[in-house]
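Work through the exercises below with the structure open. Each task is followed by a solution in steps.

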Amino acid sequence: MEHGGPKDSGGDLDLDEWVPRLSTRHDILPERLLKLACQRLKDILIEENNVQPVQLPVVICGDIHGQFFDLLELFRIGGHIPEKNYIFMGDFVDRGYNSVETMELLILLKIRYPACITLLRGNHESRQITQRCGQRLDPTGLSWIDH
């Protein structure tokens, strides 16, 4: 295993494997799969309108700030996607110890169930805030690097 991360079997990104694996075992994606996930997310977000229709009923969530276990508890109490629809109002990272896991789970859920989850960008998803708060985007712009 490279850098203590999970072993990469070289296959494609299997969302039906990785969503529960991240949710229950807290395994993070190998770098190659994270880049693939970010590209798939980018393709989805580019096609979305600036004003996005949302299916009702919907659970509206404020700042997560890297609180991965709180996010899991939110799904446990509020209902799991795709049975429930969610709007996340940004600030997915910083402050919590699990920003990578938090962001990865939201990315995977958006890729797997694009109509059931809306991700809005908060101020913590800006370059200035993430650099000040201890994280930055990698040079490809596809993943987060802690420093």
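This is a predicted model: local features need pLDDT of at least 70, side-chain atom pairs count only at pLDDT 80 or more; totals for chains, interfaces and linings use all residues.

**Exercise 1.** Which kind of aromatic pair do Phe75 and Tyr86 form, and where in the chain does each residue lie?

*Solution.* Step one: count the aromatic pairs, which gives four. Step two: take the pair of Phe75 and Tyr86, with 5.1 Å from centre to centre and 90 degrees between the planes. Planes over 60 degrees apart count as edge-to-face, and the pair of Phe75 and Tyr86 is edge-to-face. Step three: locate the residues. Phe75 belongs to helix H3 (residues 68–78) and Tyr86 to strand E2 (residues 85–88), so the pair links distant parts of the chain, 11 residues apart. Both Phe75 and Tyr86 are buried.

**Exercise 2.** Classify the pair of Tyr86 and Phe88.

*Solution.* The ring centres of Tyr86 and Phe88 are 5.7 Å apart, and the planes meet at 15 degrees. The cut-off for stacked is under 30 degrees, so the pair of Tyr86 and Phe88 is stacked. Phe75, Tyr86 and Phe88 form one aromatic cluster.

**Exercise 3.** Which residues of helix H1 (residues 15–25) are buried, and what do they pack against?

*Solution.* The buried residues are Leu15, Trp18, Val19, Arg21 and Leu22. The buried residues of H1 pack against helix H2 (31–47), H3 and helix H4 (99–112). Arg21 lies over the face of Trp18, at 4.0 Å from the ring centre.

Terms used:
Residues are numbered from 1 along each chain as its sequence is written. Side-chain values use heavy atoms; hydrogens and water are left out. Rings of Phe, Tyr and Trp (its six-membered ring) pair if their centres lie within 6.5 Å; planes under 30 degrees apart count as stacked, over 60 as edge-to-face and the rest as tilted. Helices (H or I, at least four residues) and strands (E, at least two) are DSSP runs, numbered from the N terminus. Buried means under 20% relative accessible area, exposed over 50%, partly exposed in between (1.4 Å probe, protein chains only). A charge sits over a ring if NZ of Lys or CZ of Arg is within 6 Å of the ring centre and within 35 degrees of the ring normal. Contact means heavy atoms within 4.5 Å.
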